[in-house]
Amino acid sequence: MNKRFPLQVRIIGLMQHQKLKTYLASVLWSDQNDVIVYRTFAEFKKLHKTIVKKYPLEAGRIKKTDRILPKFQDISRKERRQARVSRSVLRIRMLQEYCDRLLTSSTKISEDQDIVQFFVASNSDLAPSFPSDGVVVMPSAVEKRRETLRRSAKSGAQSITQPMASENYKCIASYETKDTKNKPFKVLEDETVDVIAKNTS
């Protein structure tokens, strides 16, 4: 029987609750099952250190030209200033690029048991709990924000008030609150909403 291994990983969002930030990863397995798992940035970093230690040749530790493992480079201060969004949000793209390169580096790497176990869904992944005051950020919203900033900088209109652009969010759980006019507001699971302003509380 062939062993199961991840074919593709898509970082589909970031869930923020107080100081805890968790990345949502959709994992497509060799048996064609697609499962969402939740991992922190620290957990990804720990995985990288494990793989580098296990494969020093592929990591370029012996000879740099032999390196096939991707580097695990965090977001720089310069990138953060230019993007004007939090480092955690910028890490969505960084982690996506890392996973893409990791799983395409070689068959030996992509089918390594440490990598397989890292992406295997745990009980908490299969039955996740979502705090009512949590915020979920999707990659599409990040790209819209960056594009708006690029256009603003290019036109030299930073001093001019820009129209408010909404961002699309897909609800991962039903939620009830009040809108800006203190009227009841309710969204259902899997419903897509346009958000103009967010309150992190």
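How many Å should the 18 residues of helix 3 (residues 87-104) span at 1.5 Å a residue, and how far apart are its end C-alpha atoms?

**Entry 1: ground rules.** Before answering, I noted that this is a predicted model, where local features need pLDDT of at least 70, side-chain atom pairs count only at pLDDT 80 or more, and totals for chains, interfaces and linings use all residues. Residues are numbered from 1 along each chain as its sequence is written, and side-chain values use heavy atoms, with hydrogens and water left out.

**Entry 2: helix 3.** Back to my opening question: helix 3 should span 26 Å, and its end C-alpha atoms are 26 Å apart, which agrees. I took the expected span as 1.5 Å times one less than the number of residues. Helices (H or I, at least four residues) and strands (E, at least two) are DSSP runs, numbered from the N terminus. Next I looked for bends and found a kink of about 25° in helix 3, centred on R93. The bend at a residue is the angle between axes fitted to the seven residues ending there and the seven starting there. I then listed the buried residues of helix 3, among them V89, L90, I92, L95, Y98 and L102. Buried means under 20% relative accessible area, exposed over 50%, and partly exposed in between (1.4 Å probe, protein chains only).

Entry 3: Which order do the four strands take? I read 3-2-1-4 in an open sheet, with antiparallel pairing. Strand 3 and strand 4 (135-137) stand at the edges with a single partner strand each, so one side of each has no neighbour in the sheet. On average, neighbouring strands of this sheet are turned by 30° against each other, direction ignored. For pairing, I required at least two DSSP bridges between two strands.

I went through the pairs one by one. Strand 1 and strand 2 are antiparallel over 10 bridges. In this pair P6 stands opposite W29 of strand 2, and R10 has S26 as its bridge partner. Their hairpin has two residues between the strands, and Q18 takes a positive phi near 55° there. Strand 2 and strand 3 also run antiparallel, joined by six bridges. Here L24 stands opposite Y38, while Y23 has R39 as its bridge partner. Four residues lie between these two strands in their hairpin, and Q32 in the turn has a positive phi of about 75°. I also checked cover on strand 2: seven of its 10 residues are buried.

**Entry 4: helices on the sheet.** Which strands does helix 3 lie across? I found strand 1, strand 2 and strand 4, with helix 3 running at about 165° to strand 1. Helix 1 lies across strand 1, strand 2 and strand 3, at about 100° to strand 3. Contact here means heavy atoms within 4.5 Å. The axes are lines fitted to C-alpha atoms, for helices over the stretch in contact, and angles run from 0 to 180 degrees between N-to-C directions.

**Entry 5: salt bridges.** How many salt bridges does the structure hold? I get six, a salt bridge being a side-chain nitrogen of Lys or Arg within 4 Å of a carboxyl oxygen of Asp or Glu.

I looked up R39 again, as it had come up in strand 3. R39 forms a salt bridge with D125, with the closest N and O atoms 2.9 Å apart. R39 lies in strand 3 and D125 in helix 6 (residues 123-126), so the pair ties together parts that are 86 residues apart in sequence. Are these two buried or exposed? R39 counts as buried at 9% relative accessibility, and D125 does too, at 6%.

D31 pairs with R4, the closest N and O atoms being 2.7 Å apart. D31 is in the loop between strand 2 (20-29) and strand 3 (34-39), and R4 is in the segment before strand 1 (6-17), so this bridge ties together parts 27 residues apart in sequence. I have D31 as partly exposed at 37% and R4 as partly exposed at 34%.

D112 is in the loop between helix 4 (107-110) and helix 5 (113-119), and K54 is in helix 1 (residues 41-54), 58 residues apart. D112 is buried at 4%, whereas K54 is partly exposed at 42%. I also noted that K54, D112 and D114 are linked in a network of salt bridges.
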